[in-house]
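Here's a quick briefing to read with the model open beside you. Have a look at the fold first, then work through the points below.

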Amino acid sequence: MEEKKLAVIITGPSGVGKDTIVESLLADASLDAVRALRHTNRQPRSGEESGSTHCFVSTDKFQQLVSENAFIEWNQSGSHLYGTTFDSFNDALRKGRLVLLDVGVISALNIQRSVAIQRCKVLMIFLSPVEKRVLFSHGGIDIAADVLRRRIEGRSSGEQVAEVADRLEKGKED
């Protein structure tokens, strides 16, 4: 009997470092890890290429995928749409022993509940900023506003101040 593969869902508020953790895991060849790509309608950030971390698509294409029920999960953050397709997840399962997903908290819970994920073991890891100035507390977890703001602004893809504020609010919700 073939051993079930492992899906590791790295989650936490926007800007907490999910992608940094995933990149370091992908760099360790002994893990045989692959990333389940997410679709998004946002523009690529500096250094991003379609097919490496995300599949960059138009809003119309994203909405078409939603109407076709192509996503395990999808959500909206500000004006941007993000989602993991069944195809992307299944491709990752075929390619590696360890499937990595870096998503927000709501998306993580939706993925965990999905029928598609039942074909593998699931480990969910919640990342939280460590600095002391608290933005809010939720379930005993403190989230630091200054940490999130610096991380979001540092990787900004030309977002306006209002969009950064929206992403910080989204972090509160997560």
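**Aromatic cluster, sheet and core**

Phe 62, Phe 71 and Trp 74 come together as one aromatic cluster. Keep in mind that this is a predicted model. Overall, the protein has six helices and 10 strands, and 47% of its 174 residues count as buried.

**The aromatic cluster**

- There are two aromatic pairs in the structure.
- One of them is Phe 62 with Phe 71, a stacked pair with 4.7 Å centre to centre and 25° between the planes.
- Both Phe 62 and Phe 71 are buried.
- Phe 62 also pairs with Trp 74: the ring centres are 6.2 Å apart and the planes sit at 70°, so this pair is edge-to-face. The cut-off behind that label is planes over 60 degrees apart.
- Phe 62 belongs to helix H2 (residues 59–67) and Trp 74 to strand E5 (residues 71–77), so their pair ties together parts 12 residues apart in sequence.
- Trp 74 comes out at 38% relative accessibility, so it counts as partly exposed.

**The sheet**

- Four strands make up an open sheet, in the order E2-E7-E1-E8, and the pairing is parallel.
- At the edges are strand E2 (33–35) and strand E8 (120–126), each of which pairs on one side only.
- From one strand to the next, the twist averages 25°.
- Strand E1 (residues 5–11) and strand E7 (residues 98–103) run parallel and are joined by six bridges.
- Within that pairing, look for Ile 9, which stands opposite Leu 101 in E7.

**Helix H3 across the sheet**

- Helix H3 (residues 86–95) lies across E1, E2, E7 and E8, and it runs at about 145° to E7.
- Which residues of H3 are buried? They are Ser 88, Phe 89, Asn 90, Ala 92 and Leu 93.
- These buried H3 residues pack against E1, E2, E7 and E8, and also against E5 and strand E6 (80–85).

**The nonpolar cores**

- As background, nonpolar side chains tend to be buried together in soluble globular proteins.
- The largest nonpolar core here has 14 residues. Those with the most contacts inside it are Ile 9, Ala 36, Phe 89, Val 99, Leu 101 and Ile 111.
- Two or more residues of this core come from each of E1, H3, E7 and helix H4 (105–113).
- A second, separate core has eight residues, among them Val 8, Val 16, Val 22 and Ala 33.
- What does Leu 101 touch, leaving aside residues up to four places away in sequence? Its contacts are Ala 7, Val 8, Ile 9, Ile 10, Ala 36, Thr 84, Phe 89 and Ile 111.

**Whole-protein numbers**

- The protein exposes about 9,400 Å², with carbon and sulfur atoms supplying 51% of that area.
- Taking contacts between residues at least 6 apart in sequence, 60% join residues at least 24 apart.

How values were computed. Residues numbered from 1 in each chain as written. Predicted model: local features only at pLDDT ≥ 70, side-chain atom pairs only at ≥ 80, totals over all residues. Heavy atoms only, no water. Pairing = 2+ DSSP bridges. Axes fitted to C-alpha atoms, helices over the stretch in contact; angles between N-to-C directions. Contact = heavy atoms within 4.5 Å. Buried < 20%, exposed > 50% of the residue type's maximum accessible area, 1.4 Å probe, protein only. Areas by Shrake-Rupley, 256 points an atom, 1.4 Å probe, with all protein chains shown as cover. Core = buried A, V, L, I, M, F, W, Y, C linked by side-chain atoms within 4.5 Å. Phe/Tyr/Trp six-rings, centres within 6.5 Å; stacked < 30°, edge-to-face > 60°.
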